[in-house]
Amino acid sequence: MLILGIETSCDETAAAVVRDGRDILSNVVASQDRLHLPYGGVVPEIACRAHLVMLLPVVEQALSEARVQIEDVDAVSVVHTPGLVGALLVGLTAAKTLAWLMEKPLIGVSHLHAHVYAASLNRAEPVFPCVSLVASGGHTCIFHSRSAVDHDLLGSTLDDAAGEAFDKVASILGLSYPGGPEIDRAARKGDRDAEHFTRTRLAPGSLDFSFSGVKTAVLYRCRGQNARAPARELSDQERADIAAGFQEAVVDVLVEKLLAAARSVSAKRIVVGGGVAANSRLRERLEQAGRKRRLEVIIPPSRLCIDNAAMVAGIAYHLYRAGRVSDLELDALPTAGRPVRKA
Ligand code: KG4
Ligand code: ZN
């Protein structure tokens, strides 16, 4: 079964064709990083306008790279939640139109569940059941993922997402946008023990996260208490040490909570997705922890961790098989559609 996937939830315009939920025939991503760079973050209006310009060429390229015609596609899938509502609407409207015109099933997909599914792409071995972490610019969630289409939320962030904290700390340090890869790079030259930032752990046993404290701690480290000191130029070494210390604080909490979640549901596998899963220190720490605790750790290659549409077309195959086909009333839900918290 060939499924076309469309993803426009934030600042990546993406389309892909995937066969039977696993084989990626094409995976085209048009990044808008360059457009948002001058503002140090995603500007929703700019994102929507760029999706409008880019989406049809990106879909055409995905079909052509997969060497298929639109008529060959068996279903059209699209992220409809969560995300920037205007951005979601661009992809959703295009997907509905294509599905209606071609008389194909329409499958609405959760961006977060699609990030978890990315680990199954191009992979023959099983991924589910597992405990999964989605850490991106907008979300930090831990799920008990029983199957590709059955995810219970175990914990999420109470304030900033992990990726958002990376982006904001990068901006405080004078690094460019998006900040995650910049901090990752700077941290390699730093000493992670030179600068210590407090880890926020919340109530004992809680699997929720909070990253706004560590971000503020970096701000005060750089600009003085309450950010009142005049801005001072950091040396390259200071910047690298702060990046490494901050990164270690975030990674510590992510790893600790993920392992606690795995223990709480006796999971044997851990899956990580979302842009922050591209972080080299997080990957290294999780691989070490997995070896020590005999847990299988599955982290997709970086190009499948960041926003893409192959993960959308992939999970859609399983939604289709589970009978979860949408109709043309499918709506864009910026935050709703949030899975019910069971633990
Ligand atoms: O999943 P994603 O591509 O888009 C959203 O759904 O938000 O994630 C983007 C986020 C950004 O905050 C970016 O800074 C972060 O992922 N990111 C990283 C790395 N690469 C991307 N964070 C830490 N280390 C990285 N290497
Ligand atoms: Zn994402």
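Val-131 sits in strand E6; strands here are DSSP runs of E with at least two residues, helices are runs of H or I with at least four residues, and both are numbered from the N terminus. This is a predicted model, where local features need pLDDT of at least 70, side-chain atom pairs count only at pLDDT 80 or more, and totals for chains, interfaces and linings use all residues. Residues are numbered from 1 along each chain as its sequence is written, chains are lettered from A and ligands numbered from 1 in the order in which they are written, and side-chain values use heavy atoms, with hydrogens and water left out.

With a relative accessibility of 0%, Val-131 counts as buried (buried is under 20% relative accessible area, exposed is over 50%, partly exposed is in between, with a 1.4 Å probe and protein chains only). Setting aside neighbours within four places in sequence, Val-131 is in contact with residues including Ile-142, Phe-143, Leu-258, Ala-261 and Val-271; contact means heavy atoms within 4.5 Å. Leu-2 is another matter: its C-alpha atom is 28 Å from that of Val-131, and the two are 129 residues apart along the chain.

Gly-155 belongs to strand E8 (residues 150-156) and is buried, at 0% relative accessible area.

## Helix H5 and its cover

Of the 11 residues of helix H5 (residues 162-172), 8 are buried, so the helix is largely enclosed by the rest of the structure. Among those buried are Phe-166, Asp-167, Val-169 and Ile-172. The cover over them includes strand E6 (130-135), strand E7 (140-147), helix H6 (179-187), H7 and helix H8 (236-264). Just after H5, Gly-174 takes a positive phi of about 80 degrees.

Lys-215 is part of helix H7 (residues 212-223). Buried or exposed, this Lys-215? Lys-215 counts as buried, at 17% relative accessibility. Not counting residues up to four places away in sequence, Lys-215 touches Asp-160, Lys-168, Val-169 and Ile-172.

## The zinc site

The zinc ion (ligand 2) is held by His-111 (NE2), His-115 (NE2) and Asp-307 (OD) at 2.0 to 2.1 Å. Donors are N, O and S atoms within 2.8 Å of the metal (3.2 Å for Na, K and Ca), and water is not among the atoms, so sites may look incomplete. Along the sequence, the spacing of the donor residues reads H-x3-H-x191-D. His-111 lies in helix H4 (residues 111-117) and Asp-307 in the loop between helix H10 (302-305) and helix H11 (310-321), so the pair ties together parts that are 196 residues apart in sequence.

His-111 is buried at 4% relative accessible area, and Asp-307 is buried too, at 11%.

## Two nonpolar cores

The largest nonpolar core has 65 residues, and those with the most contacts inside it are Leu-4, Ile-6, Val-59, Leu-63, Val-109 and Leu-121. A nonpolar core is a set of buried Ala, Val, Leu, Ile, Met, Phe, Trp, Tyr and Cys residues joined through side-chain atoms within 4.5 Å. H11 gives the most to this core, with 8 residues.

Apart from it lies another core, of 49 residues, with Cys-222, Leu-258, Val-272 and Leu-282 among them. Back in the largest core, Val-59 touches Leu-4, Ile-6, Ala-15 and Leu-98, not counting residues up to four places away in sequence.
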